[in-house]
Amino acid sequence: MELKNELVGTCCGLVTEATGSTYTVVSDDGRAFRSRTYPGTKSENEDTSLVAVGDRVELKITETGTELFEAVITLVKHRYSALTRKRDIRRNRSKEKIQVIAANIDQLVVVVSAFDPPLSTRLVDRYLVFAESEQLDVLIVVNKMDLADTPLTEELMEPYERLGYSVLYTTANDPGTLKLLREALTGKLSAFSGHSGVGKSTLINLLFGQKQLKTRRTNLKTGKGVHTTSNSAMLALPGGGYVIDTPGIREFNLSDITRENLRFYFREFLEFMPECAFSSCSHTQEPECGVQRAVDAGGIDPARYESYLALYCTLE
Ligand code: GDP
Ligand code: ZN
């Protein structure tokens with residue numbers, strides 16, 4: 001594709017939606033551009049997905065109609081974080097393509113439910129390992145508090161608050177808790193994750209209202225030659241900030257976590273690791289292990305340590 005002659009200008013913006021070959025970019029002054037890449041599009045990132053939702057890009061504006069602005073993406077700026085998934089290319093199984101599903105996420109919102117399905121701290125730990133490995137801030141949302149034994153739930157979550165993770169207790173139809181959730185999301189780029197049935201869709205519907213969600217679905221439909229699974233969009237919060245609602249993020253796996261690096265993703269271990277006799281200590285069975293000693297002495301929560309052992313066993 002050649003650039004049109006009558007370039008109208010340049011600007012910077014944020015990719016808020018990807019529909020196959022077309023991207024919606026919201027410029028810093030608030031205009032929405034329907035944008036495409038072209039062979040001359042440059043990137044400050046390694047050779048993964050060229051453009052992903054959450055990317056900061058530079059645009060050359062090609063057309064400014066009254067209803068729609070059009071532009072080409074000239075530069076994709078450096079991503080400071082990327083949520084990825086590996087996608088098998090069916091025809092050639094030996095080749096795995098890394099697909100960036102969201103860039104520059106500030107915060108991973110880990111949604112669990114207090115009851116139905118029951119609260120599983122093992123599962124929380126799994127999500128936290130992922131977040132730590134991606135160096136993402138975390139907000140833990142414990143939903144369905146209306147069904148919960150509140151003191152028991154708070155007792156289960158207390159170790160996380162002590163570790164410095166933010167924990168929010170919500171009931172979807174309680175406006176007060178929803179307000180707190182909205183505040184925790186304001187000004188940030190957040191991604192929701194969590195098992196099915198915990199209430200993610202309910203919370204997102206309440207945060208944004210059916211109208212905005214419906215509009216998004218219609219827009220996505222008009223994209224040409226699109227595989228629905230590669231669609232990805234961010235929903236704008238009224239007070240600033242975005243929530244990315246991408247099914248792929250909800251189902252991420254721990255494919256980059258190994259037995260060797262798992263220990264770094266339990267943040268409370270770090271303080272005690274220097275006390276281990278072996279620098280390569282896995283903290284599972286070695287003698288003179290600082291981490292095991294801290295578990296015995298009450299410096300590390302035993303349930304967290306058990307989560308570590310359980311995860312360790314599932315890894316290679
Ligand atoms: P998702 O799979 O995580 O998106 O979960 P959904 O949003 O589809 O919710 C699963 C079920 O839980 C639905 O029947 C919701 O109505 C219900 N639900 C969601 N939030 C709450 C809550 O705070 N309290 C109760 N009691 N039910 C909830
Ligand atoms: Zn050790």
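Helices α1 and α7 are roughly perpendicular to each other, a label that covers angles of 65 to 115 degrees, while those under 35 count as roughly parallel, those over 145 as roughly antiparallel and the rest as oblique. The model is a predicted one, in which local features need pLDDT of at least 70 and side-chain atom pairs pLDDT 80 or more, while totals for chains, interfaces and linings use all residues. Side-chain values use heavy atoms, without hydrogens or water, residues are numbered from 1 along each chain as its sequence is written, and chains are lettered from A and ligands numbered from 1 in the order written.

Back to that helix pair: α1 spans residues 121-133 and α7 residues 302-314, and they pack at about 70° with their axes 10 Å apart. Helices (H or I, at least four residues) and strands (E, at least two) are DSSP runs numbered from the N terminus. Axes are lines fitted to C-alpha atoms, for helices over the stretch in contact, with angles running from 0 to 180 degrees between N-to-C directions.

Most residues other than glycine have a negative phi, and most peptide bonds are trans. Asparagine 104, in the loop between β8 (96-103) and β9, has a positive phi of about 60° although it is not a glycine. Proline 117 sits in the loop between β9 (107-113) and α1, and a cis peptide bond with omega about 0° joins it to aspartate 116.

Then there is ligand 1. Of the 14 residues around ligand 1, Ala172, Gly197, Lys200, Ser201 and Thr202 come nearest; a residue counts as near if one of its heavy atoms lies within 4 Å. Helix α4 (residues 200-222) gives the most to this shell, with 3 residues.

Polar contacts here are pairs of N or O atoms within 3.5 Å. A polar side-chain atom of serine 201 lies 2.5 Å from an oxygen atom of ligand 1. For glycine 197, a polar backbone atom is 2.7 Å from a ligand oxygen, and for lysine 200 a side-chain N or O atom is 2.8 Å from one. Taken alone, ligand 1 exposes 580 Å², and the protein buries 66% of that, by the Shrake-Rupley method with a 1.4 Å probe.

Technical notes: Polar contact = N/O pair within 3.5 Å; in protein donor to acceptor, adjacent residues only side chain to side chain.
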